[in-house]
Amino acid sequence: MTRRTTIAAAVTALTGAALLLAGQIHAAPARAPADAIKARQAGYKKMGAAMKQLMDQLKSDAPAKDAMLGAARTLAATSREQVSLFPVGSGPGGAVKTDALANIWTERPAFDAQMTKLVAETGKLATVAAGGDVDAIRAQAKATGAVCGACHRQFRADD
Amino acid sequence: MTEPGLIAQRVTVWDVPVRLFHWLLVGLIGFSWWSGEQHEMDWHRTSGYAILALLVFRLYWGFAGSGTARFAGFLRGPRAVATYAAGLLRRQDAGVPGHNPLGGWSVLLLLATLFAMVGCGLFAVDVDGLESGPLSDYVSFEAGRTAAEVHGLLFNLLLGLIALHLAAILFHALVLRHNLVGPMVHGRAPLPSGATWQSGRVGWWRVLPGLLLAGGIAYAVSRGFRF
């Protein structure tokens, strides 16, 4: 091969490789709506159970720090997973029943802001729980709960 | 049309505890409803404990109270109910003070529904796992959610029963010409001529065991049996 041909072949190969790599990083495939709905419903139930576990400990005379930390960590981790589980097409009226209201997609920036707040507050809850101060945990649990409630009032069908 | 059978004699048909129970319950059901809707859950729980206390007291009074308050006095067998219902179709009701056979069983159904509602509420938890009844930490999240859902379904049943109750009161007022609201307020009702009547009054001190029982149970429940 001539020198020019070699260079052209190398550039082509590198570009091809770069494009392939870029494709790998970018192409997290969008979840099918039905799968997303089921996954997020399971996630929210997990979060509800974790919050109950935390609140039950706070109700008792001797709150167990390990149990509270475990619950807080579950809340923080699961809330991060929920962010990507609201793809277009997973709203009301589909094959799988959901309590998600249509305005999640028509007011998406507001919904995303609530999600960001949830991730932030649950993350803070996990940090506070690791610290072990029961009063601080109680306060942050209440603050986290306020975010749950606010988002639900705006974006979730009433029970 | 004047009621032919009624004479001037008026008797005390409902004792003070029954009347107080009735009207306090009306207020508390309304307050529980409002506080629940507004998510004022501390108020909602307190209202529920008060209703629990009232229900426990009424259960006690159904055995220890005056004649018309006692369950044995107004829970009648199927034949008595059928006879009374047939009479109603002919717009006949003798107007004897106290619960009639149909009314008696309706009262029991109302009390049972309220007991069941309170019972479910004690174990209920909301969808966020945040607000819960005092006994919910004894059960799982799933069980608490089921309790919350049944609590809500029973409320619809309660509304239906209350509507029936009001319809019956109206029927008695408009068709049978019996005023049932007055006696539940001031306690006195006219006695039909020829009707026998035993006052069945009991000493006022009898309320004390009931108050202790009601207060004690409601308090213990509110603390989740943790002392």
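Visitor: How is the expected span of a helix defined, and how far does helix α4 of chain B reach?
Guide: The expected span of a helix is 1.5 Å times one less than its number of residues, a helix being a DSSP run (H or I, at least four residues) numbered from the N terminus. This is a predicted model, in which local features need pLDDT of at least 70 and side-chain atom pairs count only at pLDDT 80 or more. Residues are numbered from 1 along each chain as its sequence is written, and chains are lettered from A. Helix α4(B), residues 78-89, has twelve residues and an expected 16 Å; from its first C-alpha to its last, α4(B) reaches 17 Å.

Visitor: Which residues of α4(B) are buried?
Guide: Buried means under 20% relative accessible area, and exposed over 50% (1.4 Å probe, protein chains only). Seen down the axis of α4(B), the buried residues fall within an arc of 125°, taken from the directions from the helix axis to the C-beta atoms, so they line one face of the helix. The face turned away carries the exposed B:P78, B:R79, B:T83 and B:L89. The buried residues are B:V81, B:Y84, B:G87 and B:L88.

Notes:
Side-chain values use heavy atoms; hydrogens and water are left out. Helices (H or I, at least four residues) and strands (E, at least two) are DSSP runs, numbered from the N terminus.
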